[in-house]
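Let's take a walk through this structure together, starting at a ligand and moving on to the aromatic rings.

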Amino acid sequence: MKKRVGMEVSFAAAEAVKLCNVDVVAAYPITPQTHIVERLSEYVANGELDAEFVPVESEHSALSLCVGSQAAGARSFTCTSSQGLALMNEIVYITSSMRLPMVMMLVNRSLSGPLSIWNDHSDVMSIRDCGWIQLFVKNSQEVFDHAFIAYKIAEDHNVLLPVIINFDGFILSHMFESVELMEPDVVQQYLPPYEPKYALHPDRALTMGTYGMPAVFTEAKKAQDEALLASYPHILEAWKAWGDLSGRHYHPVEEFLTKDAETIFVTLGSFGETAGEAVKALREKGHKAGLLHLRLWRPFPFDAFCQAIQGARNLIVIDRAVSFGGPGGPVASEIRSALYNKEKRPGVYSMIAGLGGRDVTVRDYMQMFESVTAGKASAYEIFGVRG
Amino acid sequence: MVVFKKGKGGEKVLEIRFHGRGGQGAVTSAELFAQAAIMEGKYAQAFPSFGPERRGAPVVAFCRIDDRPIFLRTEINEPDIVMVLDPSLLSVVDVTAGLKDDGILIINSEKEPHHFMLERLEQAATINATQIALDILKRPITNTVLLGALARISAVVKMESIIDAIEQRFDAKNAARNVQALQKAFAETLILSKNDCKPESLNSFQKYIAAASTTREGAPKADSEYLWNELQPGCVVTDAGNAKSFRTGDWRSFLPVLNKERCIRCGVCWVFCPDMAYRQDQEGYYLVDLDYCKGCGICAQECPVGAIQMEMEKEADAV
Ligand code: SF4
Ligand code: SF4
């Protein structure tokens, strides 16, 4: 077994990006993503990483630059949080429609206002339909591993889509915890140098970022949607290959004690780890509780999800963003619509929790469980709100 | 004069499609007609086929008139009347596409209407609008002129209302000239009904339509022919330089003519031509490639010694 080392998760993330041997890093510092970028700039400055580090003037420029460098055939990386993502928004959609296989780490933080630097998922939910592959990871090891996995998926010529690795700000990004590092040659074996399918080159002229008249725009969007859906088996392949190499296996939907569970928590991100503790405690008391962690958010793993919750009576879906004026949290609403045509479907309870850095404890999860199983919970509530 | 058709519910409806070139005012034409109808208390819409407009490119505009409020937000694919502002379009666009049986074709042409008569039409009309525009407006802008022909042929909107609409839109001097052109067109429009057409002239226009509908060899595949799974990832265009197959020369109604005696071979025309139509010959003169010259006149404007004159293209006489 390899040695585990202790380090801040942001630094583990930067270490992984360095091992990916990226060619271009363009990012603008924003809390809580800052440590990743700082560390990468040091790597470039001291020669540990042979890459262009571009200290751009905004996130919009950061992603625009990566679009350019990726189009020219360079493995490109950016990372951001919250308002930074909001500023990037325009280019986020362009990146995926151009099918540029770059990787972004999104250190999740709430969108202002009130101004908040703390963690929730309102940033990522604002780009739910952006066409990138979107993954959620929940501990240092998963962050570290997914840097390689993300490039492996993105650059697969059957995929050619950008990937976002979501991880929670502060509660994960600033956590000091253990991680098992990988040797560069092992990483290289898994992730060979980037071979673009198309790259801008003076000798081989081609056009990217074209214009789409009404007569062809629908076909272009259909092709993009099909590409995202068709990436699914290749995502599984990338995880399988990584599992074979590292012994760490990942799945689109991760189940914990769901087999005979009557009530299942559904979570995204590192909050899921705490919910697992609550499930253990509930099991000890004889309750049939389970936990489902949605690792893959886009493409949404419908079949795997439905399989995993078969037989459950209640789903408690934890959303960490509000869909203002809507029928529930964004994840819960999506799950409800995924289940709508199923004959036997569980009740879906949409619980908004953990907004703007609000802690959610084992006791809180147990309370949610009790109110749902006692029939006291409503279909949609902001859990623990005062007043 | 024809009093217009009844719609299904007995109401009067009229749908007109205008074919012109970017810069010729097809949209203005549609808007003026709609405005005239609205001033009479009717309901009307006028709108272009939305898109990037380039000077000289074929464009279409639409006008829909009804006695009752209109709830359609779609282009007009089956017009009652088709108006052609520029005769050079006839060889590039099938202007009759979707035109209703018993429909009417109004063409800016120096020819007589029997050249354009089709069996399925009710009437064909011609007016030498370019000449009228050049005489009165001093520019080949045929939009208001054509409305004179439209007013003559359709009783849906009164001539006075069109004049009101023109007066509302232009300053007094321009309005007066446009009204003069409108009235001249009204008087000079030649109208032919199918029944009065000699059988031998019937359908000779069909050849034109066939030519306009055939895709030129080597032309790129049209956007509307692509299936979603035929597109390259990210819609990347891999065949570099394919603009070559896009013959903007089809758009031309004016032709740059070089006076070599004046030309100082400076290359300014070559620099300014937006469609890169100029090539330098061995003596250093810049000659225009008519496959790509769209007739915009920029080269003539920019030439420092006035060596380029824009001349009107002759109306093709394939018929
Ligand atoms: S701009 Fe005029 S003078 Fe100069 S090369 Fe062209 S035609 Fe000749
Ligand atoms: S050659 Fe002159 S008229 Fe023709 S497209 Fe070029 S600039 Fe316009």
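A residue counts as near a molecule or strand if one of its heavy atoms lies within 4 Å of it. Around ligand 1 there are 13 such residues, and B:Cys263, B:Cys266, B:Gly267, B:Cys269 and B:Cys303 come nearest. This is a predicted model, where local features need pLDDT of at least 70 and side-chain atom pairs count only at pLDDT 80 or more, while totals for chains, interfaces and linings use all residues. Residues are numbered from 1 along each chain as its sequence is written, chains are lettered from A and ligands numbered from 1 in the order in which they are written, and side-chain values use heavy atoms, with hydrogens and water left out.

Now for the rings. Over all chains, the structure holds ten aromatic pairs. Rings of Phe, Tyr and Trp (its six-membered ring) pair if their centres lie within 6.5 Å; planes under 30 degrees apart are stacked, over 60 edge-to-face, and the rest tilted. B:Phe47 and B:Phe62 make a tilted pair, with 5.1 Å from centre to centre and 35 degrees between the planes.

B:Phe116 is buried at 1% relative accessibility, and B:Phe205 is buried with a relative accessible area of 1%.

Over in chain A, one aromatic cluster is formed by A:Phe144, A:Phe148, A:Tyr190 and A:Trp242.

Conventions: Buried means under 20% relative accessible area, exposed over 50%, partly exposed in between (1.4 Å probe, protein chains only).
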